[in-house]
Amino acid sequence: MKEPLISVRDLRVHFRTYAGVVHALNGVSFDLYPGEILGLVGETGCGKSVTGLALLGLVPPPGEVVGGEIRYRGQNLLSLPPAQWQALRGGKIAMIFQDPAAALNPVFTVGEQMELVIRRHRRMGRDAARRQAAEVLRSVGMPEPERILETYPHELSGGMQQRVMIAMALSCGAEVLVADEPTTALDVTIQAQILDLLVDLKRTRGLSILLITHNLGVVAETCDRVAVLYAGFIVEMGPTGAIFQAVKHPYTQGLLAAIPRPSRRGNPLQAIPGTVPDGLQPPPGCLFHPRCPFAWDRCRQERPALLEVADGHQVACHLYGGEAAR
Amino acid sequence: MKVWEYILRRLLLAVLVVFGVSVVTFFIARVVPSDPAALWVGPRPSPDQIAAARVKLGLDRPLYIQYFYYLGNLLRGDLGVSIKTHQPIVQDLRAYLPATLELVLVGMAMAVFIGIPLGVLSAARRNRLLDHFSRLIAVAAVSIPTFWLGLLLQLIFFGQLRWLPIGGRVSIETTLYQPIQTVTGFYLVDTLITRNWPAFWDALTHIILPAFTLATYAIGLTIRMTRSTMVEVLQEKYIVAARAAGLPERTILFRLALKNALVPTLTVLALSFVYSLTGAILVEVIFSWPGLGSYVTSAIINVDFPVIIAVTLIVTVFYVLINLVLDLVQVALDPRVVLK
Amino acid sequence: MTTLLRPFLERWIRERRSQLEEYRLMLRAFGRDWLAVASLAIILLFVFGAVFAPWLTPYPEQGRGEPNVLEKFLPPSWQHPLGTDNLGRDVLARILFGGRTSLSIGFLVVIIAVAIGTPLGALAGYFGGWLDEAIMRLTDIFLAFPSLLLAIAIAAALGPSFTNAMIAVALTWWPWYTRLVRAQTLSLRERSFVEAARGIGVREGTVILRHILPNVMTPVLVQATMDIGSAILTGAAMSFIGLGAQPPTPDWGEMVNLGRIYFINHPWLATFPGLAIFLVSLSFNLLGDSIRDIADPRTRRAAR
């Protein structure tokens, strides 16, 4: 297998609040390979967005990375001087957000914003930056890029705004794109267009994408591999096909069962009982055991490690591997 | 709404307000208990003289006719005649207004260059030492009596340190040996144009203390407003997005965020500009600055009503104009304003 | 009779109780805000000083303005902690007595402005239509004036005196309260309890008095607290240029004006009365800020 572009090991993020320390990420590890889309799925508050922000070194205060490493081409970003990481940010590693209307600055034109980013990362003059901006806009399927550059964000539709965000992210030759719920705020038809664009960018440019979403439908359509995050911990990870066809972890099973499908018409929708555990006092043992229908003694005492159960398919559950399998 | 339609509406409103202001000032001038005609004639007037003055000043006619004449004169740019000196007020204003405007403009520049950066940094380092410090400055600045602060500054910088002059626009030496040729009436500008360097330096040292005294209130307001809007703006998603694009913090704060925070800040600055025009009354008295304030205070002592009213009217028209300009600037700064 | 009224009484008590609970929370938040407590203490100290001035100083007659030419320009000492002025009067005594004018102008200006502004705002917001239009255009015109200048013009027209200065400043301040109350009334008018009262045929005047005014008073009081400081400043500025209380009545602004002439050689004449103005206005500003934060449940919780 190829060398990973990004490799995250045992990433821990804590939020210090007045009520106590909230454990947002409890040792997350994954690799992102060149030219793949890795889906990061989970419920609200499981740490998806924090993971994405951590890759750019933008965990918002009072949060802080307290352990682990994030390697980009073998280089640990966490030990990099701030200025060097800042140069990578928006350069090699870029990010797009859930609500493009809020992520674009309302009082600058699209052109002004793109120029600013381009000229930050590449030594070029105004005109060259403008041409570059127009070119990137065209490459993400924007008609009349010259005109778009003159518009203000509020004059564009949601889909167009997200295309602008993507163009801005790619304008300086990004290799890694962190896409945090890029389609959640958009209409369904537009969603499909944006997802197609991402898949297309992966194919044509060899872009690696970390696609953060809560929507398993989106994952099935676009991702090569999936990582399932629960309470700041990856519980299952593997190729999309394997996850959907040979699902292992009870939590992932629950997620899949909760998707409304035409084939299950007439049956009540499945929901996972209980709620995501309190980040202030995570339960001992497996984080999922209070909600797990299959939990047994060991689950309450010992936290399971992420173990490989099939080719490239890993799961963190005492039901698989180890003693239970014997 | 179209942009021109918006501008037209603001213009109409401004005209309406100026009209209302002229009514109010006229009314104030006519409730004076002292008799303008008697003042016009001077000390120990005879009844005949007073009656003649009354006819000459139009005071014998009905009130609404008097207002009609007053308004007609205003429209022709005639603000009347000082009762005390019998000089046309417009002529006096031409001498005093530039002095006050120069003072106010330098003060506003101080407010912009001290207030906005402190407000921005305060918001960026929220709840840290710098923030507490600048918030303390802000609240002290709006609480301190201007006239008292002026005295304290004189005591320190003139009385103790002897660094800066105590008052006036220029020193006597300059008027004698390096006379300033009046072009615009703004000494700093005039001395620059005529390359009169010693006089420029002299005018500069004279303006620092009064301008700073005047600016204190505006500095306080500007820090407060900039800080509170910047705190809100810095929580916006586009700021995170800008960081994710690798833009340096300086660009994010002073360019991307500040432009979003500028509309409320400018409103406050415009307000303090006009407040400064009136605050100048106090400052000019303390620093013997020959401007509108000194003009109007001597008018108060002499019960010279046409002067008081003319100054009130002029400053108010400035106020209305600034608000109008502000509305237009808002449209330029934030393309969404017209839509609201 | 009592049985008939009972459900209404119970509801009334319940509402009052939740209101009381709200006030209790506000009071607790206030107690934790040491800056607010200190500000209040300073204000109370000055009010106390002004009220009991004759008993607090050995020189009450000097405080009222009687000259004592044998002791001119004495620097601060044990006999005269803040020195004496150009007529030999004890500066501390003058400040204590001056607080009577300077503080009362602050309170009275705000009271008059609220008394004019609140009813007008409630009428404009409640009835709308031409009445609203007329009242709001009037406030536009008054707000178009820079307030200090308008106050100066009015006070000059009325003649320099304490009462006239107060009236002049109040006349330039009421429009702010009209705007505030109108905005509050507009939103209250849509609320269910007001609609219900109108629906069952309660007279308009009663609705305004019973349902609108009590509910707009909290924001008005918050605004008023914040304004007293500036009112004291404006009042001091007026008497500084000779349009306020006339000598020999003591007043802080007038004392600074007097001290100005002798300032370089006898700085204590102007320094201490000016400091009094500064401290009181600073305290009111800080107190107003805290009360605004405390009255708003969002910032109250965030402040914890």
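Reader: At what angle do helix H4 (residues 110-121) and helix H5 (residues 126-139) of chain A pack?
Author: Happy to start there, with the axes of these two helices 9 Å apart. Helices here are DSSP runs of H or I with at least four residues, strands are runs of E with at least two, and both are numbered from the N terminus. Axes are lines fitted to C-alpha atoms, for helices over the stretch in contact, and angles run from 0 to 180 degrees between N-to-C directions. On that basis H4(A) and H5(A) pack at an angle of about 110°.

Reader: Before we go on, what kind of model is this?
Author: Residues are numbered from 1 along each chain as its sequence is written, chains are lettered from A and ligands numbered from 1 in the order in which they are written, and side-chain values use heavy atoms, with hydrogens and water left out. Local features need pLDDT of at least 70, side-chain atom pairs count only at pLDDT 80 or more, and totals for chains, interfaces and linings use all residues, since this is a model that is predicted.

Reader: How is H4(A) oriented to H5(A)?
Author: The packing angle is about 110°. Angles under 35 degrees count as roughly parallel, over 145 as roughly antiparallel, 65 to 115 as roughly perpendicular and the rest as oblique. That makes the orientation of H4(A) to H5(A) roughly perpendicular.

Reader: How many charged residues does the contact of H4(A) with H5(A) have?
Author: H4(A) brings A:Gly111, A:Met114, A:Glu115, A:Ile118 and A:Arg119, while H5(A) brings A:Arg126, A:Ala129, A:Arg130, A:Gln132, A:Ala133 and A:Leu137; contact means heavy atoms within 4.5 Å. Ala, Val, Leu, Ile, Met, Phe, Trp, Tyr, Cys and Pro count as nonpolar, Asp, Glu, Lys and Arg as charged, and the others, Gly among them, as polar. By class, 5 are nonpolar, 2 are polar, and the number of charged residues is 4.

Reader: Is A:Asp10 buried, partly exposed or exposed?
Author: A:Asp10 lies in strand S1 (residues 6-17) of chain A, and its phi is positive, about 50°, although it is not a glycine. Buried means under 20% relative accessible area, exposed over 50% and partly exposed in between, with a 1.4 Å probe and protein chains only. At 35% relative accessibility, A:Asp10 therefore counts as partly exposed.

Reader: What is the relative accessible area of B:Arg195?
Author: B:Arg195 is in the loop between helix H9 (187-193) and helix H10 (197-233) of chain B. Its phi is near 55°, a positive value in a residue other than glycine. B:Arg195 is exposed, because its relative accessible area is 61%.

Reader: Which residue of chain C does B:Gly159 contact?
Author: B:Gly159 is in helix H7 (residues 146-160) of chain B and, at 18% relative accessibility, counts as buried. Leaving aside neighbours within four places in sequence, B:Gly159 is in contact with B:Gln154 and, in chain C, with C:Ile264.

Reader: How many helices are there in chain C?
Author: Chain C has 304 residues, and buried ones make up 49% of them. Chain C has 0 strands, and its number of helices is 13.

Reader: Where is the kink in H5(C) centred?
Author: H5(C) has 37 residues and reaches 53 Å from its first C-alpha to its last, close to the 54 Å expected; the expected span is 1.5 Å times one less than the number of residues. The bend at a residue is the angle between axes fitted to the seven residues ending there and the seven starting there. In H5(C) the kink is about 35°, centred on C:Gly98.

Reader: How far apart are the end C-alpha atoms of helix H10 (residues 204-240) of chain C?
Author: H10(C) has a kink of about 40° at C:Leu213, shortly before the proline C:Pro214. A straight helix of its 37 residues would reach 54 Å, but the end C-alpha atoms of H10(C) are apart by only 46 Å.
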